[in-house]
Amino acid sequence: MTWDNQQSIYSQPQPPEILVADGDPRLLNFLASLLRQHGYRVAEALGGHAACDALRARPFKLALLDLRMPDINGLDVMAYAATAQPDCGIIAVSGEKGFTSVSRALRRGALDYIKKPFDPEELLETVRGVLGQQSLLQNHADMQSRLEKSEALHRYIVNSSPDIVFMLDQSGRICFINNKVQSLLGYAPHQLIGARFSALLDEQDAARGSHAILDTSVSSDNPRTLEVRMKSRGSRKANRHFEITAFPIDPNTWPHPSGARDQLASQRARFYGTARDVTERKEAEAFINFQAYHDLLTRLPNRALFKDRLNLAITQARRNGQKLAVMFLDLDRFKVINDSLGHAMGDRLLQAVTRRLKSCLRKGDTLSRFGGDEFTLLLPAIHGEEDAKQIALKLIDTLSAPFRLGGHEVFVGVSIGIAVFPNAGESLDQLIQNADIAMYHVKGRGKGDYCFFSEAMSTDTANRLSMERDLRLALERDELRVFYQPQVCAKTDRVLGLEALVRWLHPERGLLYPGEFLPLAEETRLIGAVSERVLAMACQQVGQWIDNGHETLKLAVNLSPIQVEQPGFVDNLMQQLTRHRFPTRNLEIEITENVIMSDLEQISHKLRELAEAGVRIAIDDFGTGYSSLNYIHRLPIHTLKVDQSFVQDIRNSDDGACIVNAIIAMAHGLKLEIVAEGVETNAQLDYLRQLGCHQVQGFFYGQPQPAEHIARLLGELARPTILA
Ligand code: C2E
Ligand code: CA
Ligand code: CA
């Protein structure tokens, strides 16, 4: 079926049906046929009852009702029709001389009347008139209802828009605003009518916003779009972002008739606009932006932003002839803490470290997380190295206090390398790289310190790489050696123990000392393999001497912090002793105070296990580390080794002011064994002996030596003067 066909079937106008009711059958017949002759469809009702039945049965456009019918009179039928078919027009037919019942019928809603006897022409004219009037009324009602529906639809569309829709008058006052303003900003729309639109904008955006919205140079095809912040009801600060699209209303599409209705607010509208809430998008953008330039854990600038700022600072420093400093910070014990306490604790530690570091900085400084446990710091516009030094000292100091992490107390420490522009590099990469080199230099010297970059260091770095390769080879080619230094009884000069000290017989560079390669071994994690080798050689060698009759001979080995902090440290050590069948009671391990303080709880656990197995524990370099003596009686410690610096302070035998006195007195009080290191002179030896120091060690008895030279000392008096 085509559309035309459909149209013709459905739109064929049916002639309206007219109900004719009369009590007189002849008159009824006459009326009906007259109307039929003129093309009307007619239903006949003989009397009021029949008329009511017909009205109940189907719709009529018009009813001609005789006012006086024998059963139910016309007025009652009219009353019935008013409820049953309110749209049916009524023409009253009256046989009365007077007008009483006609006027009553007209008052009750009849549209017109006919008086009997009637002239057919007059009757037809009246019917036509009423029908015409009725269709006018109908059209009007239809139009009204269509308008109402259309208005409701538009209202619905406008109010359910996800955006705020508004109209403004010439001066920027609100003429219309949809309901969305309530849910997005909390204002009831009617409260805003007449208010300035700019009052909804954040103060900082108000001027720019209203200027752009009231711009008449744009059109609906090419509207003005801008982003502004809008205020929620009751808050002075903007908290949501909106994208506003606005344009002037074209007078041709927006008729505003003159007259009284012109006063209606919406009739004054000159600008149309929508405001879309883009807060979430803005926040997402801001987050992405933040993420691109920050480290999310510490919220510090990342590498990219740091480089950006450094570049800027370099340009500025160059222009103003100023200096600036780049620092490279590396946490000293982070990896061990992270490995043993877990990453969650590691993360918390990094955040805590960040807080402390930040507390030392000035406003213009940039601290950034460079990666892992590395930070970089930019100090723009400094006067000289002294400024940088002061900051470095502050940073070291703030990180030297312990951190409390979920019941653990940890010491982290930091090593800082500093490169000052322009001396230590003119470009961004050079400065960062040289600060990094200086930092490694600090690590090599024993950490927890700062150092300025110098040219000599860069050659060091080149060396480092080849050293690392060489050290791996050294393990393969068996180039490591153990030298021994006797620990001698201060009273009897007998050798009580031997400290194992590693040496590297480098194929090209000759004999290397631990200070030259152990820091590198620690950084590269080769320290484990190095130690294992040293322990194996020492156990094997000293074990032989023990077997040969020196049953009480003690072997002292040095352990690096990294080893002790490893989770499997105790098991590992015990396994090695078993493998070499070395008696545990002959072994003394030497650790430094810093190791203990890095994590008191963990370490004390490990040391207790070792002590229970019979291993002795000595604190090496005693007096140079953290001065908290608290730990001493909480740990199974057997020996204190007085650091050589204190021993070397002894110039003559009656030098009473040295720290050695205090340390030895304390060791006595705690019933600990004492070994004084670095004894080089007879005077020192005498002094120590007077103080009641048990054992001594030092060049006075000779340099550390390979096993073959040591063998002959055993069982003899070690003192060279006596030997001579
Ligand atoms: P340390 O444990 O304090 O060892 C004593 C250092 O002082 C040794 O240096 C020794 O040669 C030196 N020394 C001994 N007597 C005197 C003296 O009278 N005067 C002076 N000025 N120095 C004396 P060395 O062998 O260069 O070792 C340096 C450090 O390297 C050691 O310090 C120790 O911490 C570490 N180390 C040595 N061997 C090993 C090892 O096998 N493993 C580990 N982890 N560290 C080791
Ligand atoms: Ca030692
Ligand atoms: Ca020492």
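1. The two-ion site. D620 forms a bridge between the calcium ion (ligand 2) and the calcium ion (ligand 3), and these ions lie 4.0 Å apart. The model is predicted, so local features need pLDDT of at least 70 and side-chain atom pairs count only at pLDDT 80 or more, whereas totals for chains, interfaces and linings use all residues. Residues are numbered from 1 along each chain as its sequence is written, chains are lettered from A and ligands numbered from 1 in the order in which they are written, and side-chain values use heavy atoms, with hydrogens and water left out.

2. Donors are defined as N, O and S atoms within 2.8 Å of the metal, or 3.2 Å for Na, K and Ca; water is not among the atoms, so sites may look incomplete. Distant parts of the chain are linked here, with E499 in strand 19 and D620 in strand 23, 121 residues apart. Helices (H or I, at least four residues) and strands (E, at least two) are DSSP runs, numbered from the N terminus. E499 and D620 are both buried; buried denotes under 20% relative accessible area, exposed over 50%, and partly exposed in between, with a 1.4 Å probe and protein chains only.

3. Calcium ion (ligand 3). The donors are D620 (OD), D621 (OD), E677 (OE) and E677 (OE), at 2.2 to 2.5 Å. Their spacing along the chain is D-D-x55-E. D621 belongs to strand 23 (residues 616–622), while E677 lies in the loop between strand 25 (673–676) and helix 25 (682–691); the pair is 56 residues apart and links distant parts of the chain. D621 is partly exposed, at a relative accessible area of 26%, whereas E677 is buried, at 7%.

4. Surroundings of ligand 1. The shell consists of 23 residues, and the closest are Q485, R503, Q644, E680 and F699; a residue belongs to it if one of its heavy atoms lies within 4 Å of the molecule. The side chain of N558 has an N or O atom 3.0 Å from an oxygen atom of ligand 1, and a polar side-chain atom of D620 is 2.9 Å from an oxygen atom of the ligand. A polar contact is a pair of N or O atoms within 3.5 Å.

5. On its own, ligand 1 has 790 Å² of accessible area, of which the protein covers 80%; the areas come from the Shrake-Rupley method with a 1.4 Å probe. Strand 19, helix 17, strand 23 and helix 23 (644–648) are the elements that give two or more residues to the shell. Strand 19 gives the most, with four residues.

6. Aromatic pairs. The count comes to ten aromatic pairs. Rings of Phe, Tyr and Trp (its six-membered ring) pair if their centres lie within 6.5 Å; planes under 30 degrees apart count as stacked, over 60 as edge-to-face and the rest as tilted. F328 and F370 are edge-to-face, 5.5 Å centre to centre with 75° between the planes. F328 in strand 11 (residues 323–331) and F370 in strand 12 (residues 366–371) are 42 residues apart, and their pair links distant parts of the chain. F328 is buried, with a relative accessible area of 3%, and F370 is buried at 9%. The pair of W504 and F517 is edge-to-face because the ring centres are 5.5 Å apart and the planes are at 85°. W504 lies in strand 19 (residues 495–506) and F517 in helix 17 (residues 514–523), so this pair ties together parts that are 13 residues apart in sequence. W504 and F517 are both buried. One aromatic cluster is formed by F306, F328 and F370.

7. Charges over rings. K115 lies over the face of F99, 4.1 Å from the ring centre. The charged end of R356 sits over the ring of F403, at 3.6 Å from its centre. The criterion is NZ of Lys or CZ of Arg within 6 Å of the ring centre and within 35 degrees of the ring normal.

8. A490 is located in the loop between strand 18 (480–489) and strand 19, and counts as buried at 1% relative accessibility. A490 and C693 are 203 residues apart in sequence, with their C-alpha atoms 6.8 Å apart in space.

Notes. Polar contact = N/O pair within 3.5 Å; in protein donor to acceptor, adjacent residues only side chain to side chain.
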